[in-house]
Structures are given as structure tokens and as C-alpha cells.
Amino acid sequence: MTMRIKIIRLDETDSTNNYLRAYRNAEGERMTVVQAEYQSAGRGQGVNVWESERGKNLTFSIKCRPKQLPAARQYVMLEAGALAVCDVLAEYAGGMTIKWPNDIYCGDFKISGTLSECSVTSAGIRHCILGMGININQDRFVGNAPNPISLLNVRGCETDREKVLLEVLERFDHYLSMVDAGRYDAIDESYKSMLYRRTGFHLYEDGEGVFEAEYADILTNGHLVLRRRDGMLSEYAFKEVKYL
């Protein structure tokens, strides 16, 4: 990894996203990364908590400064982070997809999640922090998450965590270059092509109850559009619809 990427190693912190948000020392030219062996308050979207056994998985955050990224296209950063993880994990095991908005699934089980936080100014995105959790070598999960899985569960052997980390950073650097070049639509299409439940009708639940629908689109603001059996389109922001 070049000196353009600064990696900070921690034994423990409350949250790697929190750490980078408060970080005021020298940063890497390209990106600054903080990786912790344990997070005491790691989180996912909303109020979700990320369970990770000390020293078994990867919990890290990346801070970068995309060039001239309009605030209206900030969702592309979450797409870039999810794609980077999905691409790398697909080299280790089959069946990897991206479950909207930010999870990586292996089959019907969650193996990774990405949390994106962008700092917005009148000129666009000033910087972005992406928190990533990847289940690598944890064998058993004792929290209340419904469907966690790790590479150890899938492959039956341990995986070099450092190798996976460096591969993800290299892949994210590729997508960041696409962002800097304004290739937002290309990232959108790659993200959509990797979606969980990309085809067919499936069960979902929103505030009005359970329904059957198929994927129709993801808008540039990150909203999911589902098409029901009768052809009606429904648009959802994060947490407004549940996969069943």
C-alpha cells in the first residue's frame, strides 16, 4: 500500500467511524484508514449494532475526499464501498450479492455491511467516511442479528484478514477513481447488476403490510423502487421497507 494511504491500527475503539470523525492529525493523500481489533460500539444503519468478536473479523473505516462530487450524488460513495467489498469477497466464495442499501450477502446470509457518512457543503461533498464490517474468521454469532455468516463458515478454513483488508482498499481506490472522473452512472450500473433479489417477485413489508414485488430500480438518491404484481411502483428510502 502506497504512502498515499495512511492506515491507523487500533486494538480497541468505540467506533472506527467516530475515531475518524474526530481525527485531526496528518491524513493520507488518497485516503485515511483506521482498523480496530474490536469496536465497543460498532453500528450499522440506524440503530443496528454490528457484532464482531475481537481479532476475528475486519472492522475499519475509510476517510476520503472525492473530487467535485455533487451532494445529490453522494449515494454513489456507498455504492463504491459496497462494490469494493463484494468484488473482493467474490474472489473467496461464490454467491456474493449486494442487499440494498449497504449489506453484502452470501446466499441469503449477511457477511458484511457498509455505513456511509458524507460531509456536505454548498460546493458538494467535502469528505466521506465509510465504515465497513466484514465477517472473516468468526465461527459463532451470539447477537440478535437474524442471519450472519463469515468466510470461515463458508470456506471451512481461516482467511488472512490483512490480505482481505488490502484487497478491499485497492478495489475501493479503483471505484474512487471512477467517482473522481465523474463516472457515477457506471458505478450505479455495476451496483445494480450485483443486487440481491435482482430478478423475480419476492415478499416485502412496509407500513401498510406484506406485499409481493420485484426490483424495478434504484434512484440516484439511493431510494429503492419496487414494482408490484399490478404494475404499481413504490419508492422507499432506507428503513421504509423490509425484506421477508
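I looked up helix α4 first: residues 161-180 lie across β1, β2, β3 and β7, and the helix runs at about 25° to β3. I took helices (H or I, at least four residues) and strands (E, at least two) as DSSP runs, numbered from the N terminus. Axes are lines fitted to C-alpha atoms, for helices over the stretch in contact, and angles run from 0 to 180 degrees between N-to-C directions. Contact means heavy atoms within 4.5 Å.

I noted that the model is predicted: local features need pLDDT of at least 70, side-chain atom pairs count only at pLDDT 80 or more, and totals for chains, interfaces and linings use all residues. Residues are numbered from 1 along each chain as its sequence is written, and side-chain values use heavy atoms, without hydrogens and water.

Next I traced the sheet with seven strands. It is open, with mixed pairing and the order β1-β2-β3-β7-β6-β5-β4. Strands β1 (5-13) and β4 (96-99) are at the edges with a single partner strand each, so one side of each has no neighbour in the sheet. From one strand to the next, the twist averages 20°. I counted a pair where DSSP finds at least two bridges between two strands. β1 and β2 (residues 31-39) are parallel, over eight bridges; I5 has M31 in β2 as its bridge partner.

Helix α2 (residues 75-89) also packs on this sheet, touching β3 (58-64), β4, β5 (103-106), β6 (109-121) and β7 (124-134). Its direction makes about 150° with that of β6.

Last, I followed an open sheet of five strands, antiparallel, in the order β11-β10-β9-β8-β12. Its edge strands, β11 (233-236) and β12 (242-243), each pair on one side only. Five bridges join β9 (residues 209-218) to β10 (residues 224-228), and R228 in β10 is the bridge partner of A213.
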